[in-house]
Amino acid sequence: MSEAFVRLVREIYAEPRAPIPLHAPVMGALEKARVGEAIDSTFVSSVGTFVTGFEQAIARFTGAKYAVATVNGTAALHIALLVAGVEPGDLVITQSLSFIATCNAIHYCGAEPVFVDVDEETLGLSPDALRAWLEVHAERRSSGGVDRASGRRIRACVPMHTLGHPARMDAITQVCADWGLILIEDAAESLGSYYNNQHTGTFGLLGVFSFNGNKVITTGGGGMIVTDDEALARRARYLTTTAKKPHSWAFEHDEVGFNYRMPNLNAAFGVAQMERLPGLIASKRVVAERYAEWCRANGWHFVREPEGTRSNYWLNALRLPDAEARDAFLDATNHAGVMTRPLWAPMHRLPMYADCPCGPLAVTERLADSLVNIPSSALDNGLA
Ligand SMILES: Cc1ncc(COP(=O)(O)O)c(C=O)c1O
């Protein structure tokens with residue numbers, strides 16, 4: 001059956017022989033023109049009109065009031081956690097089924113991740129598993145949730161919209177409110193994805209996006225923090241620009257900051273990519289529909305957008321019966337020049353995070369062993 005799948009992918013991408021990547025950026029004259037403008041302006045680094053223009057474009061697109069551009073999504077997560085008040089010794093609840101950046105950013109703050117399970121349908125953090133872990137391990141104090149055994153503060157919860165599919169944000173928001181947890185969404189993969197018609201990344205206090213080369217749109221490398229809270233946005237901008245006090249010529253810093261601001265060159269690229277974004281998502285949904293139809297006809301399990309959501313289908317995924325079937329599929333397809341990949345090794349299996357507190361992770365284990373990502377690039381979106 002893998003041969004039939006390889007034929008399908010080659011047909012979708014009209015590519016009879018050459019290797020087919022997992023996710024290639026779509027870029028061209030538009031990006032060259034904007035980057036050229038940045039070069040002509042001489043503002044190529046962290047000051048320039050494209051940085052603010054890109055921030056405004058993301059704020060408009062997502063419906064967030066404020067957006068702060070960063071050098072990458074990991075830096076955006078780090079700063080979002082810091083400005084939310086995550087401190088050394090805190091616990092931050094997240095999912096083990098994620099890219100490593102989510103956990104690393106928590107670790108950079110001196111906090112420790114707690115892993116709860118994901119939903120089988122959404123692939124994102126399960127609000128039921130979240131509530132269950134809190135009921136067993138935490139107690140409510142006036143200041144919020146506290147881990148009963150260690151007395152450590154449970155400061156925040158970071159769900160991730162896996163592969164672009166929105167997690168169950170109504171229920172997650174409710175559990176966070178019940179337990180006094182700050183909600184920060186890792187929406188790195190879900191630009192253009194909506195839960196109940198609201199853009200992912202805008203449900204919590206802060207949300208974070210990535211514009212790495214493999215994402216729906218790219219800036220080469222880049223990230224963004226979104227929030228409706230003006231003071232937090234101001235503080236995020238301050239911390240990402242080395243905590244330099246505004247002054248026309250003096251260099252004065254009043255705390256340890258970070259050199260995390262997105263350069264103008266990258267933002268110029270991003271401004272061009274924003275023009276493409278609606279076309280890219282429409283095209284990616286066409287690709288997803290082709291896979292879905294084929295899987296229906298051939299008895300394969302294609303991962304669909306959860307009910308009540310609209311996904312950007314960042315990376316399409318198939319679910320195979322078990323790890324053995326998955327590995328046979330990965331071998332056959334990669335050998336035939338069609339790039340496919342397993343999901344990330346879940347965080348609780350990695351040496352640095354193996355001892356973190358966690359709840360039962362049966363769904364995480366099953367998904368990690370049975371999902372494969374398949375080629376998901378947008379087809380030409382019709383722009384220059
Ligand atoms: C879920 C998730 N979080 C965070 C990131 C970090 O983004 P970046 O690579 O831009 O640092 C990524 C992607 O790379 C991601 O997939």
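Analyst: Two strands are taken to pair if DSSP finds at least two bridges between them. Strands (E, at least two residues) and helices (H or I, at least four) are DSSP runs, numbered from the N terminus. The model is a predicted one, in which local features need pLDDT of at least 70, side-chain atom pairs count only at pLDDT 80 or more, and totals for chains, interfaces and linings use all residues. Residues are numbered from 1 along each chain as its sequence is written.

Strand β4 (residues 138-141) runs antiparallel to strand β5 (residues 144-147), with 4 bridges between them. A hairpin of 2 residues connects β4 to β5. Strand β5 is also paired with strand β6 (residues 153-158), again in the antiparallel sense, over 2 bridges. Gly 145 of β5 is placed opposite Arg 140, and its bridge partner in β6 is Ile 154. The hairpin of β5 and β6 has 5 residues between the strands, and there Gly 151 adopts a positive phi near 75 degrees.

Strand β6 spans residues 153-158, and Ala 156 is among the residues with the most contacts inside the largest nonpolar core, which has 114 residues. Such a core is a set of buried Ala, Val, Leu, Ile, Met, Phe, Trp, Tyr and Cys residues joined through C-beta atoms within 7 Å, buried meaning that 20 or more other C-beta atoms lie within 10 Å of a residue's own. Ala 67, Ala 80, Leu 81, Leu 130 and Ile 225 are also listed with the most contacts there. Helix α9 (residues 264-298) gives the most to this core, 12 residues. Leaving aside neighbours within four places in sequence, Leu 81 is in contact (C-beta atoms within 7 Å) with Ala 156, as well as with Val 86, Ala 105, Ile 106, Cys 109 and Ile 184.

Methods. Buried ≥ 20, exposed ≤ 12 C-beta atoms within 10 Å, placed from the backbone. Contact = placed C-beta atoms within 7 Å.
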